[in-house]
Amino acid sequence: MCIRDRFRWGYNLTIDAPDSLNTLWSSASLNYSGLRLIRAAKFYSLGVGYGLQFDNYKIEQDSTNLIGGGIHKKQQIHLYSGRIGLINRFYLGKHGIKEGTFIEVGAVGALKIGSRMIIENEIDPKLNGNQGAEEVNVTYKKLQFTELLQYYANAAIGRNGVSLYGEYRLSNLFKSYESINNNRKLPEIAPLNVGIRIEF
């Protein structure tokens, strides 16, 4: 059995955007996880990955924004999750777990352990009650319109511990909630996550 740590940096990308819940390209994703691989054959390993992930969704602003009420300078949704998944790794050429080229496919389940929405706006420091401030930030925590459980399909191609990965969310990120969007479920945003991963 091979035991390794993994760190990955990526971005949450919107594929199509029918409404104002499009995300900006700079919506980052960070993940730190452990990996256990069992060598089942010369060209194949079965693995289990487990860890924590932070996802930032920077919501593009326009006049039909469905959450947060109106247009803001900045609006972000932060999600924190614990994750576990199965990995199928196929080796190409040199057949080694710690080195060589590989292709990987798998599935991941995630449990939300925290959520918040941050809204930032500029204000006039001369107005009464603004205390001379030029900016105000409001944070909403424990977002009830986000789902507790998520599941994903993922793939990667790598060599010698460095890989490019892609992950697609198959489940819904949002659910209906009475004080959001007139109790209608919000349209989904940024189902695709792509980036670079390092194993060590």
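Select W9, Y11 and W25 to begin: these residues form one aromatic cluster. Rings of Phe, Tyr and Trp (its six-membered ring) pair if their centres lie within 6.5 Å, and the planes count as stacked under 30 degrees apart, as edge-to-face over 60 and as tilted for the rest. The model is predicted, so local features need pLDDT of at least 70 and side-chain atom pairs count only at pLDDT 80 or more, whereas totals for chains, interfaces and linings use all residues. Residues are numbered from 1 along each chain as its sequence is written, and side-chain values use heavy atoms, with hydrogens and water left out.

**Aromatic pairs**

Over the whole structure, the search finds 6 aromatic pairs. Select Y32 and F200, a tilted pair with 6.3 Å centre to centre and 45 degrees between the planes. Y32 lies in strand β2 (residues 28–41) and F200 in the segment after β9 (192–199), so the pair ties together parts that are 168 residues apart in sequence. Strands (E, at least two residues) are DSSP runs, numbered from the N terminus. With 42% relative accessibility, Y32 is partly exposed; buried means under 20% relative accessible area, exposed over 50%, and partly exposed in between (1.4 Å probe, protein chains only).

Next, select F145 and F174, which form a tilted pair at 5.9 Å centre to centre, with 40 degrees between the planes. F145 is in the loop between β6 (135–141) and β7 (149–159), and F174 is in the loop between β8 (162–169) and β9, 29 residues apart. Are these two residues, F145 and F174, buried or exposed? Both are buried.

**A serine in a loop**

Proceed to S171, also placed in the loop between β8 and β9. S171 is buried, at a relative accessible area of 9%. Leaving aside residues up to four places away in sequence, S171 touches L149, Q150 and Y151, where contact means heavy atoms within 4.5 Å.

**Charges over rings**

Select R8 and Y165: the charged end of R8 sits over the ring of Y165, 4.3 Å from its centre. Then select R83, whose charged end sits over the ring of Y152, 4.7 Å from its centre. A charge sits over a ring if NZ of Lys or CZ of Arg is within 6 Å of the ring centre and within 35 degrees of the ring normal.

**Paired strands**

Finally, select β2 and strand β3 (residues 44–58), which pair in the antiparallel sense over 12 bridges; two strands pair if DSSP finds at least two bridges between them. A hairpin through 2 residues joins β2 to β3, and A41 has Y44 in β3 as its bridge partner.

Methods. Helices (H or I, at least four residues) and strands (E, at least two) are DSSP runs, numbered from the N terminus.
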